[in-house]
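Please examine the sequence and the structure shown below. The paragraphs that follow lead from the overall fold to its aromatic side chains.

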Amino acid sequence: MIALTLMASPWLFGFDRGAAFFLPLIFGWLQLIMAIFSRNKFGFMKAFPVSMHCFLDVVGGFILATSPFLYGYYATGVFLPQLLLGSLVVFLGIFTKKSPLTDEPQHVFRDGLASIADIDEPMAN
């Protein structure tokens, strides 16, 4: 839903050119591709974990929210939709279930990396 809103935002809010036009389109397509390939219940391909999706949401949302100030088009008055949508994506990426920023990491080893010395590996010593 957010991906479609991002992709439609240049026409909804009247962005006409430059970074204000292309950044929401690019980020919307990336959101849609991540949703398709993510290992959540709505993902079709299930290629990469939800924690990676959430991390990329936070990074991309931050870039989208700060882009009016980075590219200098905040004075034109079209920065508010990108600031709000980027902030929403950052918020959802941080507080989504299985987010790497709020949930404890799952270790491959039962006791974490401290038990790696117990494995019979030639390079462990």
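**Fold and aromatic pairs**

Along its sequence, the protein follows the pattern α-α-α-α. It has 4 helices and 0 strands; helices (H or I, at least four residues) and strands (E, at least two) are DSSP runs numbered from the N terminus. The model is predicted: local features need pLDDT of at least 70 and side-chain atom pairs count only at pLDDT 80 or more, while totals for chains, interfaces and linings use all residues. Residues are numbered from 1 along each chain as its sequence is written, and side-chain values use heavy atoms, with hydrogens and water left out.

Of the 125 residues in the protein, 33% are buried (under 20% relative accessible area; exposed means over 50% and partly exposed in between, with a 1.4 Å probe and protein chains only). The protein exposes about 8,700 Å², of which carbon and sulfur atoms supply 69%; these accessible areas come from the Shrake-Rupley method with a 1.4 Å probe, and for residues only the protein chains shown count as cover.

The structure holds 6 aromatic pairs. Rings of Phe, Tyr and Trp (its six-membered ring) pair if their centres lie within 6.5 Å; planes under 30 degrees apart count as stacked, over 60 as edge-to-face and the rest as tilted. The ring centres of Phe-91 and Phe-95 are 4.9 Å apart and their planes lie at 50°, so this pair is tilted. Because Phe-91 and Phe-95 are 4 residues apart in helix H4 (residues 79-95), about one helical turn separates them. Phe-91 is partly exposed at 48% relative accessibility, whereas Phe-95, at 55%, counts as exposed. Elsewhere, ring pairs link Trp-11, Phe-21 and Phe-22 into a cluster.
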